[in-house]
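I opened this notebook to keep track of what I looked up, entry by entry.

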Amino acid sequence: MMGDVEAGYISTIIVKDMSRFGRNYVEVGLYTESYFPENNIRFIAITDLVDSADGENEIIPFKNVMNEMYARDISKKVRSAKRIRGNMGEPLSQPPYGYMKSPENPKRWIIEPGAAAVVKEIFRLYLEGYGQDKIARTLQDREIKNCTAYWKDRGIGRGGKKVQPNPYKWKSSTIGQILSRQEYCGDVINFKTYSKSFKNKTRHLNPEENWKIFKDVHEPIIDRETFERVQQIVKKCKRRDPKPENGDKNIFCDFLRCADCGKKLWFHVNTRNKDIHYFSCSNYYKDYRGSCKSRHYVRADAIEQIVMLELKKMVSYLKYDEEAFAEILSQKTNKDMLTEQKYLQSELQRCLSRQEKVASLYEKLYEDNASGKVTDEWFMHMSRKYEVERAELKVRISKLRDDIVLLKNKEQDKETFASAIRKFMRMETITAPLLHELIDHIDVYETEGTGKNKTQRIVIYYRFVGYIELPIQEEELFSNDTRQGVAVTYIPKALPESVTA
């Protein structure tokens, strides 16, 4: 609703009474006393006889406080009732995947055959040596719907995404949660989470010593011996730190993106040859069950060579013709910046003039009311209108001034970029801090062609200025060998492309 208000679709809000709008007196007061008047929204609470068109109502703040006290009291009673039910062994949470509430007694869980079969299959595969990710891949290949899609088909409201591009895609984290749920042994576990206040709906994990566990309450899907064996394996197979032989994190991590799907490229080390480091799309459908149809494989050393060659080319321009380099940066941004600056300045001047005009009109209206030329009713109507417009102008002027300051900072950013290029002149290698100063991201395209004619486009986007195309002759090529038999060639053309072959 508030989204429609901000979009201008709503001019009046009507509720049965103040408690229906909200029971947090701070938030309700913020809307009724500040936000709605500033945005010219009429607010009506029928049974409480509240209508913002009639002017301020001194009783509203007291009603809001009473409504919150009522909500606080109800919260205490509900918490007390749930505490009693939880200590008696009644399940307080929704049944997990594989169970459903009994039609005869909603306080008891019964097995849901279809989902229970999947749960048993997950435990069986894990005991056979399948990892969590491989189990998720197996279920996806068999086109078994995940938990959210399964519940949606049966009209059961649960959390999670309501619309999923692939209802058969399972996550390894979901498999891990299923493998760790003791409820599949027939137990009920209460008070696993808690909320800090009735105003805050966020659930926090409760320490295990505060749990209440009731064993053998409902029919088990997994026998207890099998569950314990799985837990022993899970403890031994927890995620470990990166292997020392794989080296440190590559400096180009978080910079490379897939040019087709926009996802990040993940860093890998070849399992057979530890000297080969490479990146590939994290959304690749074969490796990670994503939606990207190509792997976008690129060698880490090739990326390093391409970036080095590009930066060296910029250094040569800056070193031998600094004015030409500055002109390139200016042409990149000055035209758009000048147009935007003129618009902001003219709009700011218009708002300032209107602000003075409104103040003058308000003073004249007050004088006319005092002299009897304007009735009190008309004075109240027009003064409220001028107050709303004056508040809107104040916000608008503040935003315009902030935008002008940001625009001036962009002008300084060009010098910051040139300064970072000068810093590279004194370096022989690329460092992570320098990359963060210079580069925003790098787009990696899928390879094209076959054999010796295989090419791959790499597009570098710099901070503050985006992609820069430096003028250069077509025949000028920059190349370097990354390893024996493999050359990396950067070919500057009219199109923004780098080529590895």
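Entry one, a strand pair. I looked up E2 and strand E3 (residues 50–51) and found them paired in the antiparallel sense over 2 bridges. I note that two strands count as paired if DSSP finds at least two bridges between them. Helices (H or I, at least four residues) and strands (E, at least two) are DSSP runs, numbered from the N terminus. The bridge partner of isoleucine 44 in E3 is aspartate 51. E2 and E3 make a hairpin with 4 residues between them, and leucine 49 in the turn has a positive phi of about 55 degrees.

Before going on, I wrote down the ground rules. This is a predicted model, in which local features need pLDDT of at least 70 and side-chain atom pairs count only at pLDDT 80 or more, while totals for chains, interfaces and linings use all residues. Residues are numbered from 1 along each chain as its sequence is written, and side-chain values use heavy atoms, with hydrogens and water left out.

Entry two, the other neighbour of E2. I found E1 joined to E2 by 4 bridges, the two running parallel. Isoleucine 14 has isoleucine 44 as its bridge partner in E2.

I then listed the buried residues of H3: Val28, Gly29, Thr32, Tyr35 and Phe36. Buried means under 20% relative accessible area, with a 1.4 Å probe and protein chains only. These residues pack against several elements, including helix H1 (2–7), strand E1 (12–15) and helix H4 (60–87). After H3 comes asparagine 40, with a positive phi near 60 degrees.

A nonpolar core is a set of buried Ala, Val, Leu, Ile, Met, Phe, Trp, Tyr and Cys residues joined through side-chain atoms within 4.5 Å. The largest one has 32 residues, and Val307 and Ile439 have the most contacts inside it. H11 gives the most to this core, with 9 residues. I looked up what valine 307 touches (heavy atoms within 4.5 Å): among them are Phe252, Leu435 and Ile460. A second, separate core of 27 residues includes Phe123 and Ile221.

Key: Buried < 20%, exposed > 50% of the residue type's maximum accessible area, 1.4 Å probe, protein only. Lists of a residue's contacts leave out its neighbours within four places in sequence.
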